[in-house]
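Please look at the sequence and the structure first.

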Amino acid sequence: MGATLRSVNYLSVFQRLTQLLLLLPIAAGLLGAFFPAFGYFPEIGGNQLNIDVFRELLKQPALPHSVRLTIFSGITATLISLCFALALAAMFSQVEYSSQSKLKFNRLFLMMRRGLIPLIAVPHAAMALGLVFLIAPSGWLIRWVSFSLMGWDTPPELISVQDPLGLSLIFGLVLKETPYLLLMILAALPQIRAAEYLRIGQSLGYGAFRSWLKLILPQVYPLIRLPVFAVLAFSLSVVDVSLILGPTTPPTLSVLILRWLDNPDLSMRFFASAGAILLLGITLGSLLFWRIAEWFVLNKFRKWLTNGKRGSDNEAATAVFVSGFFLITTAFLSLLALAFWSLSLRWPYPHVLPQTWTFRNWERHWNSLQETAMTTLEVGILTVVLALILVVACLENEQWRRARFSIRSEWLLYLPLLIPQATFLLGVQILAVRFELDGTFLLLVWSHLLFVLPYVFLTLADPWRKLDRRYPIIAQCLGASPLQILFRVKLPLLLKPLLVAAAIGFAVSVAQYLPTIFAGGGRFSTLTTEAVSYAAGADRRVIGVYGFLQALFPWLALLLALSVPRWLYRNRADLS
Amino acid sequence: MLKLENISLIINSKALFTALNIEVHAGQVTTVMGPSGSGKSSLLAHLCGTLAPVFQTSGKISLHDRVINNLPPEARKIGILFQDDLLFPHLSVGENLAFALPAIIKHRERKNIIEQALQEIELSGMSERDPAGLSGGQRARVALMRTLLAEPQALLLDEPFSKLDLELRGRFRELVFSHAEKNNLPVLLVTHDPADAKAAGGPIITL
């Protein structure tokens with residue numbers, strides 16, 4: 001063991017490197033946003049620390065409304081997504097573990113469950129664009145209604161997207177976050193032996209749905225707290241979805257920050273920084289508020305858990321089923337709307353389908369599409385390869401040196417997902433300009449890595465740790481070195497989770513909006529930045545083309561990740 | 001009386017065992033034995049109503065002349081004890097018992113009944129304790145009491161003694177059987193330990 005230990009000693013370097021790669025930009029970015037927020041920005045004439053910027057910021061007429069909107073939409077979207085995800089998870093377990101469920105429902109449920117996985121790969125922006133096509137006053141839904149029932153020949157006058165309350169923004173976020181949280185819950189269920197506890201609950205006279213709420217929910221929640229926090233932080237600071245679906249006068253705080261930044265008046269950069277620090281405060285405050293609310297809810301419902309009330313909950317279960325089905329159908333219809341628009345030549349209101357179909361939209365944009373698609377691919381692939389190397393090295397380090405990645409380190413991994421992007425990326429950009437790193441490919445890949453790395457780690461860690469430890473031991477006894485074991489035993493055995501992690505990492509990279517425009521300094525355009533910038537225009541065909549391709553890329557990656565191992569191991573029943 | 005008529009379980013068009021006919025009388029323990037994979041646990045899951053949907057089933061299950069085949073698990077009034085105690089880790093010992101207690105028993109009475117139940121299993125005063133801090137034997141006794149407090153009309157035992165060490169096993173076995181007899185419950189025990197079957201003293205069926 002001694003010789004082996006020496007040969008794997010270098011692995012600890014990778015763990016340090018990973019921590020550094022994550023911590024450095026976050027710390028630098030926070031400082032980079034912090035100083036200008038308090039008036040220090042020598043390049044544009046700020047030489048001393050004071051709180052004048054904040055004083056001025058608070059006088060902005062748009063600010064109070066914008067802050068209220070940000071908090072309301074962020075917390076509401078998270079709360080609704082979590083409730084949907086929990087209720088749907090309860091329904092899924094009921095179907096899976098009970099012989100008594102109605103069989104005709106089962107098939108629908110299986111379909112829903114299969115549909116979830118492609119949904120989490122779809123970038124937020126694509127989903128939001130599709131949703132606009134669906135629910136806008138001249139959108140698909142209204143067309144169906146008007147065509148078949150109402151006989152409207154002009155679109156009705158209603159504000160169904162970019163509404164002042166942010167309801168469509170919330171809807172767009174819920175559409176994306178519910179599948180994500182649901183998959184996180186489903187992945188956590190085996191860890192707490194949910195199936196067995198459900199059986200106990202039922203044998204004690206509780207219906208499956210209520211057994212889930214009383215027995216599984218309290219146990220599973222601590223396991224998904226970090227993903228919930230990540231969803232909350234994301235919803236509070238999201239930019240691309242808010243640009244597409246959010247209100248404009250005033251917009252959410254993150255969009256306001258972006259506007260100040262784009263303002264030709266350089267002194268507005270002080271505002272942007274102060275706004276970014278304010279957003280950080282709002283996010284931390286909301287996380288704290290959420291944690292306190294958790295505690296409050298637990299106390300409130302503690303008695304309810306053990307009051308002995310049984311009840312069948314059939315109505316609740318049906319309601320959940322219907323709304324979950326509605327949610328997932330909406331998501332798919334949104335994507336379909338993107339595809340249809342990209343292939344339409346003429347599609348006037350109120351026709352339900354395009355009058356003329358064509359590939360001309362694709363041909364017309366082919367050249368620029370190729371270029372953006374290539375950039376998207378390059379950044380995505382490079383980032384994923386780097387992330388995989390780092391994550392595998394960290395996991396190997398953990399196994400060979402028995403140095404388990406501690407809880408603290410896992411929080412560190414989540415840090416880029418818990419701190420608002422707008423805050424530290426703004427700081428990173430300010431520092432990058434000073435060190436002439438802005439707009440470099442290196443910085444672009446690094447900024448994507450911040451968000452890809454956590455997801456690759458979270459996807460891969462579980463299967464890696466669960467691989468039977470006797471395989472490497474047997475290989476070692478047969479004379480294989482750690483590196484040989486990695487490449488000839490572990491990686492082949494873990495090919496499927498490895499590729500799935502890569503596909504998810506790629507999807508995350510494709511979806512990045514803010515990192516691409518901040519770190520890329522406007523010099524790199526990806527499918528996401530193009531799709532979002534076209535969203536402001538009126539040409540639905542172009543939006544359809546870019547939006548659909550943006551959704552297609554991660555899908556193809558995921559399809560590849562799932563089918564390659566199946567084909568390679570077609571003669572290995574235990575691996576396929 | 002728990003009555004099984006022509007019960008068979010089919011998976012991949014293969015029957016797990018020849019059709020079973022069993023009558024378990026109140027206060028009596030019937031033992032089902034057989035090697036692993038013979039379908040003992042699946043049989044109990046079928047009686048509970050929690051069998052995986054991949055199985056095809058036929059036959060009739062009745063409990064006190066009430067046919068329960070098509071009832072959901074929670075309406076069958078059948079209690080079950082597993083190899084693992086499966087105490088709910090998010091609830092205290094007392095709350096674990098309260099979970100099982102019918103809702104019709106309210107407030108102070110709930111507390112009294114739980115304290116009494118704890119006394120019966122020599123755990124009085126431990127209501128507030130975290131189940132994780134209990135010994136294996138204590139946990140097994142709480143699990144038994146939890147099952148009984150739900151007022152089942154029959155009791156299924158899925159090798160609940162096999163994880164306990166020898167000395168504990170005998171004592172816990174006696175406790176389970178005596179409570180079943182006191183409550184006049186028909187008991188179906190699944191095991192592959194002949195000592196369990198002997199202690200049960202009832203008919204033995206081999207799959």
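Within chain B, nine residues of domain 1 are in contact with eight residues of domain 2 of chain B, where contact means that the C-beta atoms of two residues, placed from the backbone, lie within 7 Å. The model is predicted, and local features need pLDDT of at least 70, side-chain atom pairs count only at pLDDT 80 or more, and totals for chains, interfaces and linings use all residues. Residues are numbered from 1 along each chain as its sequence is written, while chains are lettered from A and ligands numbered from 1 in the order in which they are written.

Helices (H or I, at least four residues) and strands (E, at least two) are DSSP runs, numbered from the N terminus. By class, the side of domain 1 of chain B that touches domain 2 of chain B has seven nonpolar, two polar and no charged residues. Here Ala, Val, Leu, Ile, Met, Phe, Trp, Tyr, Cys and Pro count as nonpolar, Asp, Glu, Lys and Arg as charged, and the others, Gly among them, as polar.

Both chains are split into domains, with bounds that come from an automatic or database domain assignment.

| Chain | Domain 1 | Domain 2 | C-alpha centres apart |
|---|---|---|---|
| Chain A | 1-36 + 364-576 | 51-332 | 25 Å |
| Chain B | 1-77 + 152-207 | 88-150 | 24 Å |

In chain A, 29 residues of domain 1 are in contact with 32 residues of domain 2 of chain A. The elements that each supply at least two residues of the domain 1 side are α2 (11-37), α17 (407-418), α18 (421-434), α22 (495-511), α24 (527-535) and α25 (540-568) of chain A. Of the side of domain 1 of chain A that touches domain 2 of chain A, α25(A) gives the most, with eight residues. That side has 23 nonpolar, five polar and one charged residues by class.

**Contact between the chains**

The contact takes 25 residues from chain B and 24 residues from chain A. On the side of chain B that touches chain A, β7 (78-81) and α2 (93-100) of chain B are the elements that give two or more residues. The largest share of that side, four residues, comes from α2(B). By class, the side of chain B that touches chain A has 19 nonpolar, four polar and two charged residues.

**Helix packing**

Axes are lines fitted to C-alpha atoms, for helices over the stretch in contact, and angles run from 0 to 180 degrees between N-to-C directions. In chain B, the axes of helix α4 (residues 136-149) and α5(B) come within 11 Å and cross at roughly 15°. α4(B) and α5(B) are therefore roughly parallel to each other; angles under 35 degrees count as roughly parallel, over 145 as roughly antiparallel, 65 to 115 as roughly perpendicular and the rest as oblique. The crossing of α4(B) past α5(B) is right-handed. A crossing is left-handed if the near helix is turned anticlockwise from the far one by less than a right angle, and right-handed if clockwise. Residues making the contact include B:Ala140, B:Leu144 and B:Leu148 of α4(B) and B:Leu168, B:Phe172 and B:Leu175 of α5(B). By class, the contact of α4(B) with α5(B) has seven nonpolar, three polar and one charged residues.

In chain A, helix α6 (residues 124-135) and helix α8 (residues 167-188) pack at an angle of about 125°, with their axes 10 Å apart. That angle makes α6(A) oblique to α8(A). The crossing of α6(A) and α8(A) is right-handed. From α6(A), A:His124, A:Met127, A:Ala128, A:Leu131 and A:Ile135 meet A:Ser168, A:Phe171, A:Gly172, A:Leu175 and A:Lys176 in α8(A). By class, this contact has six nonpolar, three polar and one charged residues.

**Single residues**

B:Asn12 has a positive phi of about 50° although it is not a glycine. B:Asn12 is placed in the loop between β1 (2-11) and β2 (14-15) of chain B and is exposed, with 7 other C-beta atoms within 10 Å. A residue is buried if 20 or more other C-beta atoms lie within 10 Å of its own, exposed if 12 or fewer, and partly exposed in between, with C-beta atoms placed from the backbone. B:Glu151, another residue other than glycine, has a positive phi near 55°. B:Glu151 is in the loop between α4 and β8 (154-158) of chain B and counts as partly exposed, with 14 C-beta neighbours inside 10 Å.

In chain A, a cis peptide bond with omega of about -10° joins A:Thr249 and A:Pro250. A:Pro250 lies in the loop between α11 (240-245) and α12 (253-262) of chain A.
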